Amino acid sequence: MGILRASSVCRLFHVLVLVCALYQILYVGSVAAQTAQLSVDASPQNAQVIPGNMFGIFFEELNHAGAGGLWAELVSNRGFEAGGSNTPSNIDPWLIIGDESNIIVATDRSSCFASNPIALRMEVLCEASGTNACPSGGVGIYNPGYWGMNIERTKVYRATMYIRSSESVELTVSLTSSDGLQNLASHTITGDKEDFVEWTKVEFDLASSGRNTNARLQLTTTKSGIIWFDQVSLMPSDTYMGHGFRKDLASMLANLKPRFLKFPGGNYVMGNYLVNAFRWSETVGPWEERPGHFNDAWAYWTDDGLGFFEFLQLAEDLGACPLWVINDGASLNEEVPSATIAAFVKDVVNGIEFARGDPQTAWGSVRAAMGHPEPFPLFYVSIGNQECFKHYYKDNYVKFYSAIKASYPDIKIISSCDASAISPVNPADLYDVHVYTSSGDMFSKSRMFETTTRNGPKAVVSEYAVTGNDAGRGTLIAALAEAAFLIGLERNSDVVEMASCAPLFVNDNDRRWNPDAIVFNSWQHYGCPNYWMLHFFKDSSGAALHPSTIQLSNYDQLVTSAITWNNSQDGNTYLKIKVVNFGSKAVNLNISVTGLQTDIQTFGSIKTVLTSGWLRDENSFQQPDKVVPAASPITNAGEQMGVVLDSYSLTSFDLLLGSSQGLHSVSGWSLHSSM
């Protein structure tokens, strides 16, 4: 071991100082605690009611959020349309079983569906036996789904396909492992020559005898001849509410108790070009007849099984108000001038009729035929996607506004322009705000609406997220910054009507955007820290907001709010105090509550904390619960109480008011679980 010279010792000292500083920056450390005083005025006369639809969710078809995600269809490119209208075309991700000596496949335009005319022609050149015998197991085609199909033991899957052949048919439909060696389920379709001379729909169930998270659907035969296929579908039988949504992912949404669902985007609504924009009328009616379209904003095909009707149905299933973002004649690269916008305006009014019209109306009858005769409660429409800068937006906007209000005056219309551009000649009920920024700036934006004028339309913060280096794939520090921002929205909910994060979902195999609230693959899922942060706000919509002030010198890293809310599960009322500590110091917090008309109950009051050991801690498939809320009883609950706030944490204190019955859980947090 060598001898350290003085200069080396000095350099080492500076390195140690730097390491210590970085430790404090990056880790949740135990820096000397500060003492703060939080005063809450819980008197009813000074309370302010938070809007009933304050906190919701925003869904965009991005990151394969729907296709290969929330929408439970397991077959990718089920109608063979993804390769385009030219034939032969690419049939990706379909592949052949066999080789060119015994099978030839190609697309042609022979489908029985005029709106999606492409079908697959499979010519089998080999025989069941003889010198030209097919390989063992036959030849055919297979579909791997979206990065593998998750097939579960004893689960039933509904297979649907359209078949045509000029010869007799003997076709085996199987669920197998990715290499075809493990057979999980199979069904044989047989028919005489005359049975399939016309396009014929075939439906049957496949019950799996095993489990495989990377399975495929294959169609094989050993009989020579030509068979045509179209609209090949495979759906799990146990979808959420029976409406086609993947149960585990939809349940994660339901657990947030969202009050609104904004859909379907985002850039997805617009498309890079209008030819690829989301057109609602092409996404309704029988799924087999929907043409699908290329999602050029995010570079993948969507068959539109998750269409306008399904979004409305999802909102209903979640108990959320639908908020429809319309295509207003603009894409990212194109714009329809005002002189020719009338057809787009009429199309939007028709879309509202589809959602809300009587079953005897033209478009209401289409909805009724789909199994929903009752109208959907569509009361929010957003005109475009942050397009105020576009040349024709303001003139076109007025045309949409006037036409919608003429037929549906109770619909609240959201403008892409900010409040400064709204006037009697350019009216709006609400205006859209998007906030994407760093964690530090997001924290500072907890005061973003404090100086907003209290008159005029209210804001809809429909997209917000921490982005940049410290956002990672969903970090603790990002979640805390967003929590502070949402507390700021609560405190200014007299000028903010709604808020939702973005993006909501990401398929781990197709990350187009980071971070996201919920991560999944074919068989797994987990919530990022910002997903769990949202649970702290799921009781805020419609709650009573109480004035709260915090006193602490030389430390401006705390943001607080206080609400009273009623738990519909146990019938109890709680005072919820939320505090974000965005700094490196623990805080001794003395809470003083005045104005209550009932006592605080010790038994049944719960403290819930979201924190972790490192600011950039993330959840993962390997550690899905690394950063999740942890609940514990409050043993000193009362109108005067002292608590400790961890550094870099979000803490809520749910203080039970009045009756002490039904106290096993609060706000969904089990005392015996960190979730």
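Residues are numbered from 1 along each chain as its sequence is written. In this predicted model, local features need pLDDT of at least 70 and side-chain atom pairs count only at pLDDT 80 or more, while totals for chains, interfaces and linings use all residues, and side-chain values use heavy atoms, without hydrogens and water.

Biologist: How many Å does helix H5 reach from its first C-alpha to its last?

Modeller: Helices (H or I, at least four residues) and strands (E, at least two) are DSSP runs, numbered from the N terminus. H5 covers residues 342-356, which is 15 residues. The expected span is 1.5 Å times one less than the number of residues. The expected value is 21 Å, and the reach of H5 is close to that, at 21 Å.

Biologist: How many residues of H5 are buried?

Modeller: Buried means under 20% relative accessible area, exposed over 50%, and partly exposed in between (1.4 Å probe, protein chains only). Among the buried residues are Phe-344, Val-345, Asn-350 and Glu-353. H5 is mostly covered, and its buried count is 11 of 15.

Biologist: Which helices and strands do the buried residues of H5 pack against?

Modeller: Contact means heavy atoms within 4.5 Å. Two strands are on the list, E18 (321-326) and E19 (380-383). The helices are H4 (308-318), H6 (362-369) and H7 (393-407).

Biologist: Is H4 enclosed or open?

Modeller: Its buried residues include Phe-308, Phe-311, Leu-314 and Asp-317. They pack against strand E3 (57-58), helix H2 (247-254), strand E15 (260-263), E18, H5 and H6. Because 10 of its 11 residues are buried, H4 is largely enclosed.

Biologist: Why is H4 called oblique to H5?

Modeller: Two packed helices are described by the angle between their axes and the distance between the axes. Axes are lines fitted to C-alpha atoms, for helices over the stretch in contact, and angles run from 0 to 180 degrees between N-to-C directions. Angles under 35 degrees count as roughly parallel, over 145 as roughly antiparallel, 65 to 115 as roughly perpendicular and the rest as oblique. The axes of H4 and H5 come within 11 Å and cross at roughly 45°, which makes H4 oblique to H5.

Biologist: How do the residues of the contact of H4 with H5 divide?

Modeller: H4 brings Phe-308, Phe-309 and Leu-312, and H5 brings Gly-351, Phe-354 and Ala-355. Ala, Val, Leu, Ile, Met, Phe, Trp, Tyr, Cys and Pro count as nonpolar, Asp, Glu, Lys and Arg as charged, and the others, Gly among them, as polar. The contact of H4 with H5 has five nonpolar, one polar and no charged.

Biologist: At what angle do the axes of H5 and H7 cross?

Modeller: H5 meets H7 through Phe-344, Val-345, Val-348, Val-349 and Ile-352. H7 answers with Lys-399, Phe-400, Ala-403, Ile-404 and Ser-407. The axes come within 10 Å and cross at roughly 35°.

Biologist: Is Ser-649 buried or exposed?

Modeller: Ser-649 is found in strand E35 (residues 649-657). Leaving aside neighbours within four places in sequence, its contacts include Leu-480, Val-579 and Thr-611. Its relative accessible area is 0%, so Ser-649 is buried.

Biologist: How far apart in space are Lys-445 and Ser-251?

Modeller: Lys-445 is in the loop between helix H8 (439-444) and strand E22 (458-466). Lys-445 counts as partly exposed, at 23% relative accessibility. Lys-445 and Ser-251 are 194 residues apart in sequence, and C-alpha to C-alpha they are apart by 31 Å.
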